[in-house]
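Please look at the sequence and the structure shown below. The report that follows goes from single residues to helix packing, the core and the relation between the chains.

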Number of protein chains: 2
Amino acid sequence: MTLSRDQIVSALTQILGAESVVGEPGQMTGYISEPRKRFHKEAQAVALPRTVAELQAVMEWAHEVGVHVVPQAGNTGLVGGQVPLFGDEVIVSISRLKGVRSVDAAAGHMTLDAGTTLQEAHEIAEDAGMMFPLYIASQGSARIGGVLGSNAGGVQVLSYGNARELCLGVEAVLADGSIYKGLNALKKDNMGYDIKNLLIGSEGTLGIITAATLKLFPKPDFYETALLNVASPEAALELFTQLRARAGSTLTAFELMPRIGIDLQLKHGMAAQDPSAADSDWYVLAEISVPKGMGGGALEAALEDAMGAGIVTNGVIAGSLAQRETFWTLREQMSEVQSREGASIKHDVSVPVAAVPQLITLGIAAAEAVQPGIRAVAFGHLGDGNIHFNFSQPEGADGKAFMEGAEAVHEAVYAVVLELGGSVSAEHGIGQLKTKLLKQVKDPVALSMMKSIKSALDPKGILNPGKVLG
Amino acid sequence: MTLSRDQIVSALTQILGAESVVGEPGQMTGYISEPRKRFHKEAQAVALPRTVAELQAVMEWAHEVGVHVVPQAGNTGLVGGQVPLFGDEVIVSISRLKGVRSVDAAAGHMTLDAGTTLQEAHEIAEDAGMMFPLYIASQGSARIGGVLGSNAGGVQVLSYGNARELCLGVEAVLADGSIYKGLNALKKDNMGYDIKNLLIGSEGTLGIITAATLKLFPKPDFYETALLNVASPEAALELFTQLRARAGSTLTAFELMPRIGIDLQLKHGMAAQDPSAADSDWYVLAEISVPKGMGGGALEAALEDAMGAGIVTNGVIAGSLAQRETFWTLREQMSEVQSREGASIKHDVSVPVAAVPQLITLGIAAAEAVQPGIRAVAFGHLGDGNIHFNFSQPEGADGKAFMEGAEAVHEAVYAVVLELGGSVSAEHGIGQLKTKLLKQVKDPVALSMMKSIKSALDPKGILNPGKVLG
């Protein structure tokens with residue numbers, strides 16, 4: 001049975017009330033267009049449940065009548081997982097599921113409704129004198145449900161882990177409307193299969209996360225932050241190994257940046273002045289978070305050694321919070337500045353940490369071979385082996401023509417990544433953008449297990465059809 | 001088709017050769033008896049493959065003919081997951097899958113065959129100048145495959161996480177003999193569902209882990225270790241909160257111990273002298289692992305504050321490695337000393353960290369109500385909310401009669417644990433010991449998801465029948 005839009009809107013209105021249903025195509029723009037504007041399908045309706053019970057009722061109805069559902073949180077995903085693929089779907093937004101269920105600073109966790117934004121989660125943690133250390137560019141809009149659904153990463157994964165590792169338990173509504181009650185605050189629980197981690201990162205294809213218990217951490221006493229000149233990614237890797245040996249898990253960030261990214265920021269007026277006294281092909285932004293009871297100075301001592309050994313050629317330790325902010329802004333603008341410089345081709349990839357220099361050398365060579373003049377802007381989380389391997393168009397080139405060669409650049413870069421044992425989706429997931437790619441590169445046994453699990457938990461294929469598994 | 005023992009042994013011999021098959025019941029003792037001697041079923045045979053290919057061939061055969069398989073690693077499990085339940089099973093031991101596939105100290109990971117013991121894994125890490133921070137009492141015998149299959153915990157989970165969090169990727173042979181190739185050294189990989197974590201902790205019911213990539217950590221420069229007198233579990237919790245705020249993730253252990261556990265060790269000659277100058281009902285063993293670049297003194301400073309505030313009434317900071325060893329031996333002997341004191345009833349439970357004092361107060365009261373005179377020896381990982389909630393028989397009582405009341409004590413303690421939002425299997429898993437309990441206490445939706453997943457990945461029910469799901 002295929003329902004018409006009118007029938008769908010009418011049924012949803014009966015369940016949720018008219019103020020919680022968007023049925024007019026013209027009013028859905030905010031829900032069906034996504035950050036990169038690559039995906040353009042309509043939705044039949046948008047449902048905006050205010051409670052888990054309402055969401056459950058929507059899913060029971062959808063399962064009963066066979067209507068496909070696209071779960072949506074902050075609509076900040078970069079691979080189209082949160083927008084329709086076929087046009088017959090209903091978007092179920094969790095944006096109204098907002099609130100704090102509990103905060104226990106002493107025990108180190110908080111339980112939030114999944115519609116809470118990441119920014120709000122930071123503030124709730126802050127108000128409790130603690131920290132929730134997951135920082136991504138879209139944190140003002142991204143919501144906890146989406147952050148977990150896509151297993152978001154960010155700049156402090158090095159020490160604290162990604163979204164998966166920051167989550168103790170989840171509650172989720174499944175395809176048939178049943179509720180998985182996995183909220184708990186337990187650090188150890190070996191009562192059966194790990195359902196929590198199966199739901200996290202499943203991009204809304206196995207369930208809709210409605211609430212989560214998240215870890216809270218003590219705030220560091222202060223930061224030691226440095227912007228360091230290094231000759232090459234090899235030198236950066238050597239520096240990483242030395243810093244990690246000295247600082248252990250207090251080394252909370254280790255970001256690699258290329259000179260071109262700073263030059264472009266200066267060119268486009270996004271940086272006021274060159275942050276570095278001496279020129280360098282590569283820079284590292286390193287940060288140690290010093291716990292309250294420990295003394296400072298570890299970064300300075302390590303850098304003296306590294307400069308003595310010629311690994312670091314120059315560097316600045318931030319002398320103030322303002323200077324720290326300047327360093328971080330340089331890093332955070334690396335992606336944005338590329339759009340000001342014209343067209344760009346991006347890759348969200350990871351390799352084993354030790355293979356990052358090879359990735360950069362071989363990846364740039366491979367891209368230049370298929371697009372001469374292409375300008376690599378490779379930057380990111382060296383400490384996690386996760387590089388945003390981006391390329392800007394040749395200076396003055398035609399952006400459209402450049403983008404027509406994107407597929408060839410992708411193929412060239414991904415071949416290098418796979419050769420090095422890496423991942424073609426380190427942070428952003430599969431969504432609808434990479435389903436074909438997944439089939440090509442994933443272990444076939446793993447793919448087959450994924451399909452079996454999807455069929456077992458959503459036999460009617462209600463949740464986010466066509467995403468992840470295609 | 002049901003095969004006779006002779007047919008099974010003959011088929012296995014054809015696949016593996018005679019030297020890799022144990023077919024005589026009298027020679028299987030080491031494989032069918034387990035540490036607590038609670039489970040007593042025979043096996044049809046024991047298969048000892050030397051390679052993953054041999055293991056794969058065994059599973060292809062077993063799947064084809066419908067023979068049930070019990071995967072076994074170090075045979076140290078405490079819930080009977082690694083020994084037969086029905087008597088018609090073949091034990092497939094991974095003990096011969098031993099070896100180092102790769103070690104990369106700089107990048108912080110090593111890949112080991114699953115038959116490698118935990119002790120050997122420690123030594124391999126040590127030889128590379130690094131550390132693999134998973135420590136359990138049975139580490140001399142426990143093997144990586146079992147450690148992961150049961151998601152083992154131990155004394156440093158507080159800072160480094162349990163086995164699941166220490167593992168980057170696994171390789172596993174599935175029920176039908178296909179090989180899941182999930183070995184990777186990636187810190188970030190969002191290419192599809194989290195199969196790794198589904199296999200970890202599935203106790204051999206979804207696949208047999210044959211190799212794993214494990215995280216390596218820099219060794220601390222030195223330890224600050226203290227044995228501290230506290231008046232109550234409440235005071236211990238307060239101390240934990242303060243220490244964690246000061247030391248962050250460098251606080252690597254926080255263990256609670258009751259006076260009776262020390263008294264018993266003195267009584268049975270397991271401790272040479274009272275480690276504490278002043279008597280106390282409770283003790284905390286706290287340890288900070290100081291990274292190379294950081295100064296010491298955090299523990300002392302924190303303790304001065306805690307003593308000033310009356311939270312700690314007395315204490316000793318270890319002045320030497322030998323003294324540190326003495327403190328840790330006291331903690332490690334807490335379980336063993338109970339068997340010297342007669343019969344004991346044990347519970348492997350966890351609650352949210354903040355609820356540990358309530359767990360202890362209410363749990364002891366509940367047990368005393370059903371068994372007057374029972375002596376609580378509650379100790380363990382307070383920082384993880386994980387207490388080994390054990391009870392010794394009343395002094396001079398009849399051990400057998402005491403154990404006949406074990407079920408009533410279990411029920412009383414578990415009721416308290418569940419009331420506090422806890423787990424009735426924090427570390428040891430479900431195996432065959434707790435399958436009935438699991439059905440009673442687990443969220444029914446979670447149970448139903450587990451069953452669907454089991455049917456999807458092992459439709460013929462070949463792997464470890466009757467375990468976990470019953």
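In this predicted model, A:Arg143 sits in the loop that runs between β7 (130–131) and α5 (144–149) of chain A. Is A:Arg143 buried or exposed? Its relative accessible area is 17%; the limit for buried is under 20%, so A:Arg143 counts as buried. Beyond its neighbours within four places in sequence, A:Arg143 contacts A:Ala73, A:Gly74, A:Ser95, A:Lys98, A:Ala114, A:Gly115, A:Thr116, A:Thr117 and A:Leu118. A:Leu97 is 46 residues away from A:Arg143 along the chain, and the C-alpha atoms of the two are 9.9 Å apart.

**Positive phi values**

A:Lys37 is not a glycine, yet its phi is positive, at about 55°. The residue A:Lys37 belongs to the loop between α2 (29–32) and β2 (45–47) of chain A. With a relative accessible area of 56%, A:Lys37 is exposed. B:Val468, also a residue other than glycine, has a positive phi near 65°. B:Val468 is found in the segment after α16 (444–457) of chain B. Here the relative accessibility is 1%, and B:Val468 is counted as buried.

**Helix packing**

| Helix pair | Angle between axes | Axis separation |
|---|---|---|
| α13 (356–370) and α15 (406–419), chain A | about 155° | 9 Å |
| α8 (233–247) and α12 (356–370), chain B | roughly 165° | within 8 Å |
| α9 (259–267) and α11 (321–340), chain B | about 80° | 9 Å |

In chain A, α13(A) and α15(A) pack at an angle of about 155°. Angles over 145 degrees count as roughly antiparallel, and α13(A) and α15(A) are therefore roughly antiparallel to each other. Their crossing is right-handed. On the α13(A) side the contact is made by A:Leu359, A:Leu362, A:Gly363, A:Ala366, A:Ala367 and A:Val370, and on the α15(A) side by A:Ala408, A:Val409, A:Ala412, A:Val413, A:Val416 and A:Val417.

In chain B, the axes of α8(B) and α12(B) cross at roughly 165°. This makes α8(B) roughly antiparallel to α12(B). The crossing of α8(B) and α12(B) is right-handed. B:Pro233, B:Glu234 and B:Leu237 of α8(B) make the contact with B:Pro357, B:Ile360 and B:Thr361 of α12(B).

For α9(B) and α11(B), the angle is about 80°. Angles of 65 to 115 degrees count as roughly perpendicular, and α9(B) and α11(B) are therefore roughly perpendicular to each other. From α9(B), B:Gly261, B:Ile262, B:Leu264 and B:Gln265 meet B:Thr329, B:Leu330, B:Gln333, B:Met334 and B:Val337 of α11(B).

**Core and chain relation**

Which members of the largest nonpolar core touch the most other members? They are A:Phe132, A:Leu148, A:Leu239, B:Phe132, B:Leu148 and B:Leu239, in a core of 268 residues. Not counting residues up to four places away in sequence, A:Phe132 touches A:Met110, A:Leu118, A:Ala121, A:His122, A:Ala125, A:Leu166, A:Leu214, A:Lys215 and A:Leu216. A:Leu118 is also among the residues in contact with A:Arg143.

Two copies of a chain are related by a rotation about an axis and a shift along it.

Terms used: Residues are numbered from 1 along each chain as its sequence is written. Chains are lettered from A and ligands numbered from 1 in the order in which they are written. This is a predicted model: local features need pLDDT of at least 70, side-chain atom pairs count only at pLDDT 80 or more; totals for chains, interfaces and linings use all residues. Side-chain values use heavy atoms; hydrogens and water are left out. A nonpolar core is a set of buried Ala, Val, Leu, Ile, Met, Phe, Trp, Tyr and Cys residues joined through side-chain atoms within 4.5 Å. Buried means under 20% relative accessible area, exposed over 50%, partly exposed in between (1.4 Å probe, protein chains only). Contact means heavy atoms within 4.5 Å. Axes are lines fitted to C-alpha atoms, for helices over the stretch in contact, and angles run from 0 to 180 degrees between N-to-C directions. Helices (H or I, at least four residues) and strands (E, at least two) are DSSP runs, numbered from the N terminus. Angles under 35 degrees count as roughly parallel, over 145 as roughly antiparallel, 65 to 115 as roughly perpendicular and the rest as oblique. A crossing is left-handed if the near helix is turned anticlockwise from the far one by less than a right angle, and right-handed if clockwise.
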